[in-house]
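Below is one protein chain to read through step by step. Keep its sequence and its three-dimensional view at hand while you follow the paragraphs.

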Amino acid sequence: MARQTQGMGGVLSPGAAASSGARSVLLQAERLRAAFGTQDVFSIDRLELREGDRVALVGMNGAGKTTLMRALAGDGGLDVSGTVTSSGGAHYQPQLEDGDAQAEQGKLSQWGAKDLPKSGASGGERMRRKLAAAFSASANILLLDEPTANLDMQGVAWLERELKAFRGAVVIVSHDRMLMDNVCRAVWELDGGALTTYPGNYSDYWRQRAHARESAWREYRAYREEAARLKGAMREKTGKAAAVKVPPKRMWYSEGRSPQRAQDKFAKQAKDIASRLEHLEKVERPPLEPDLRAAMRVETPIVSRTAAYVRDFTGRYGSLTVLVGV
């Protein structure tokens, strides 16, 4: 994968206003193709990040979110082709790797991260230190994978403030919907190897996605109904043609009452309908949503239509509060 780095000035995308108020393009990627062995992961013709962008990257497990983040950061150890051009560099913060996070002392203090050895630091401490290092990096683009993992409520609040104040662009992979609602202004969805952009935060994306799925199912049902109607009409005409009894040729009928003409008429109608069916624009069945399953132990069978009801729920792990008012 080719990668180019430009000066801090950046470039404007085609059609962008060349005014002082225009937001500079910090990253452009073209013709990105990723594969895992013989299996294609994603194929993206073009994407860009501008100054001030806050993007949530979503998709099913295995859709290629981490691969895309690493590709945008310039990781050369991937089976990814294409070109990524960035202005000022990108910092990728993985979820699971500790690495050697180097952070400014001021950032460590701001995040409440103690300078402890890895062996003595909790998961929350390690995440705070990684985030302090990310915001200390001299990069215009932050690519953060599950940045709220192991953070307490105070840590998440600090993260939101830092993300909103950051002048560059941010791409986030997260299961924290509240974070994506409060911070992000666009959503990239990786699905079936394609990248789709939705304006707005995560809740906006979910509504748009639900509307798009409803429209897709309506179109599919309409296609199936029309195809069934044409098939039924074709069978009817074919049956009528077969039911016409054509007498021997020596028998004479007036032209308008000829059984052969009636049979030919029904056969032609059936053929015309078959042609319409053949040229009917095919609509593929929309993919089904994956089943959501939860393992629950119940002492008695569930007979109510409401299996579980939660209100004003607060959850704690030791002294750490992880859920409030659910």
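Does R70 count as buried, partly exposed or exposed? R70 counts as partly exposed, because its relative accessibility is 28%. The scale behind these words is simple: buried means under 20% relative accessible area, exposed means over 50%, and partly exposed lies in between, with a 1.4 Å probe and protein chains only. The side chain of R70 meets that of D75 in a salt bridge, at 2.8 Å from N to O. A salt bridge here is a side-chain nitrogen of Lys or Arg within 4 Å of a carboxyl oxygen of Asp or Glu. D75 is partly exposed too, at 27% relative accessibility.

Some ground rules come next. The model is predicted, and local features need pLDDT of at least 70, side-chain atom pairs count only at pLDDT 80 or more, while totals for chains, interfaces and linings use all residues. Residues are numbered from 1 along each chain as its sequence is written, and side-chain values use heavy atoms, with hydrogens and water left out.

Now the chain as a whole. The secondary structure comes to seven helices and 12 strands. Helices (H or I, at least four residues) and strands (E, at least two) are DSSP runs, numbered from the N terminus. The protein chain has 326 residues, of which 37% count as buried. The chain exposes about 20,800 Å², and carbon and sulfur atoms supply 50% of that area. Accessible areas come from the Shrake-Rupley method with a 1.4 Å probe, and for residues only the protein chains shown count as cover. Among contacts with a separation of 6 or more, 64% are between residues 24 or more positions apart. Contact means heavy atoms within 4.5 Å.

The largest nonpolar core has 31 residues, and L32, L47, L57, L68, L72 and W188 touch the most other members. Apart from that core lies another, of 23 residues, including L131, A134, V183 and C184. A nonpolar core is a set of buried Ala, Val, Leu, Ile, Met, Phe, Trp, Tyr and Cys residues joined through side-chain atoms within 4.5 Å.

In α4, the buried residues include V156, W158, L159 and L163. In the loop between β7 (141-145) and α4 sits E146, which is buried at a relative accessible area of 9%. E146 has a positive phi of about 50° although it is not a glycine. Most residues other than glycine have a negative phi. R31, in strand β2 (residues 25-36), also has a positive phi, near 50°.

Strand β2 holds a partner of another salt bridge as well. A search of the whole structure finds 11 salt bridges. In one of them D45 pairs with R33, the closest N and O atoms being 3.2 Å apart. D45 lies in strand β3 (residues 39-50) and R33 in strand β2, so the pair ties together parts that are 12 residues apart in sequence. D45 counts as exposed at 56%, whereas R33 is partly exposed at 31%. A further pair, R229 and E226, meets at 2.9 Å, N to O. Both lie in helix α6 (residues 202-243), three residues apart, about one turn of the helix. An α-helix has 3.6 residues a turn, so residues three or four places apart point the same way.

Finally, consider the loop between α7 (259-279) and β11 (315-317), where V310 is found. V310 counts as exposed, because its relative accessibility is 52%. V310, F313 and L323 form a nonpolar patch on the surface, with about 260 Å² of accessible area together. Such patches are made of residues with over 30% relative accessible area and no salt bridge: like charges are joined within 9 Å, and nonpolar side chains (Val, Leu, Ile, Met, Phe, Trp, Tyr) within 5 Å. V324 lies in the segment after β12 (320-323). Not counting residues up to four places away in sequence, V324 touches M153, F313 and T314.
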